[in-house]
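Please look over the sequence and the structure first, then read on.

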Amino acid sequence: ARSRAVRMPSEEATDELVALSSILGPDLWVDSESAGRIVIAVTPEVVDDKEVVGAIAMEVSLPSSYPSSAAPIITCSSLAQHADLFEHRSAPKGGFFAPSAEQAKALAASVAAAVDGGHGDVVVFDAVAAAREWLATNAASKASDADDICARLADAEVSEDDLELDESDMDEELIEALLEVLPGDKRLQAAARLPSGSARQREAIKAVWLSLTPQQRRQMVADSDSDGDFEDLDEESEESEEEHAPVKRSSGGGGGKRKAPSLMPPPPAQRACHRGHRLTPVNSQPRDYRHLAAGMGHCDLCGIDFEYTRGGYHCDACRDWDCCVACGSQGAS
């Protein structure tokens, strides 16, 4: 049988692909079975971190005579159609951006204008730049304050100091809670067999805790709320704490549960206390309340109770004024 000749892109096109790979990294996919076909995940960078901008997939076919006498064939579509090529681009909360028929037509016109008349020159990156500009102008929307806070917490890097896992947390109860997040983990099973409360067991638990992803740490805290994973080990110790702990005022009320591992502190406050003092983001009980029973805080703005480990704001000047993340992250109306 006669072999079929493989169509190869021109030397200029090959050099352009090398440059695009260096610029775009994993956002460029090259079809190894069809020479000259590539797919690009186009997502513009946005200055305002509260903007959500739709991403699109740009499918490009480079004719053998490109760029000397032919233009690239470019088709833009939702990134959802090519999500398997870009696993690092996870779908946003509302799903991938899907341009309407009118938007797709306008986007295609912007891309065509960028490459029109470019015979003899490589123009793929010009098409990418035009698509980015169009998306930033026409496919941007404001994220809600709640989504913005969640995004900042999810993207925040967590250091060992931020985890605030003390020795009292490192016991069989924490091992059981960790196993709910990491079922069958051999490290945890080995830690459970070590002498209870020993230094070796604490080090083994700490190593597992530090290896958790931010999502797994948030699951730990959520589970402690719903399942009581961090409740006191027995009623006797709980009664002893209640007997000796002073009664705390409503803005920092105590609780019967042991403190769960803390999340990252919330973003800087966008408002002040009732006296105009700057608020401090907290993810644990404020030091002003260190002699009082730990647990729930009370928002002096909206009146809800909140857990310090889930984040809040405290006035270090007033020393008895707190508010929840939802109130503190919004400016005063």
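The paragraphs below go from the whole protein to a few selected places.

**Overall picture**

The model is predicted. The protein has 11 helices and 11 strands. It consists of 333 residues, and 37% of them count as buried. Its accessible surface comes to about 18,800 Å², and carbon and sulfur atoms hold 49% of that area. Among contacts with a separation of 6 or more, 64% are between residues 24 or more positions apart.

**Two helices in contact**

Two packed helices are described by the angle between their axes and the distance between the axes. Helix 1 covers residues 11-24 and helix 3 covers residues 124-138. Their axes come within 10 Å and cross at roughly 35°. On the side of helix 1, the residues in the contact are Glu16, Leu20, Ile23 and Leu24. Helix 3 contributes Val124, Phe125 and Arg132. Sorted by type, the residues of this contact are five nonpolar and two charged, with no polar ones.

Three strands make an open sheet in the order 7-10-11, with antiparallel pairing. Strand 7 (280-282) and strand 11 (322-323) each have a single partner strand, so each stands at an edge with one side left without a neighbour in the sheet. Strand 10, residues 312-314, is joined to strand 11 by two bridges, and the two run antiparallel. Within these strands, Tyr313 is opposite Cys323 of strand 11.

The loop between strand 10 and strand 11 holds Arg319. This residue is not a glycine, yet its phi is positive, at about 70°. Arg319 is partly exposed because its relative accessibility is 49%, which lies between the 20% and 50% cut-offs.

**An aromatic pair**

A pair of aromatic rings is described by the distance of the centres and the angle of the planes. The count of such pairs in this model comes to one. The partners are Phe306 and Tyr308, with ring centres 5.6 Å apart; their planes stand at 80°, so the pair is edge-to-face. Phe306 is buried, with 7% relative accessibility, and Tyr308 is buried as well, at 2%.

**Two places in loops**

His82 is found in the loop between strand 5 (73-78) and helix 2 (101-115). Is this histidine buried or exposed? His82 is buried, because its relative accessible area of 12% is under 20%. Apart from neighbours within four places in sequence, His82 is in contact with Val39, Ala57, Glu59 and Ser77. Ala57 lies 25 residues from His82 along the chain, and their C-alpha atoms are 6.9 Å apart.

Another loop, between strand 4 (56-61) and strand 5, contains Pro67. The peptide bond that joins Tyr66 and Pro67 is cis, with omega at about 5°.

**Accessibility of the residues discussed**

| Residue | Relative accessibility | Class |
|---|---|---|
| Tyr308 | 2% relative accessible area | buried |
| Phe306 | 7% relative accessibility | buried |
| His82 | 12% relative accessible area | buried |
| Arg319 | 49% relative accessibility | partly exposed |

Definitions and conventions: Residues numbered from 1 in each chain as written. Predicted model: local features only at pLDDT ≥ 70, side-chain atom pairs only at ≥ 80, totals over all residues. Heavy atoms only, no water. Axes fitted to C-alpha atoms, helices over the stretch in contact; angles between N-to-C directions. Helix = DSSP H or I, 4+ residues; strand = E, 2+ residues; numbered from the N terminus. Contact = heavy atoms within 4.5 Å. Nonpolar A, V, L, I, M, F, W, Y, C, P; charged D, E, K, R; others polar. Buried < 20%, exposed > 50% of the residue type's maximum accessible area, 1.4 Å probe, protein only. Areas by Shrake-Rupley, 256 points an atom, 1.4 Å probe, with all protein chains shown as cover. Phe/Tyr/Trp six-rings, centres within 6.5 Å; stacked < 30°, edge-to-face > 60°. Pairing = 2+ DSSP bridges.
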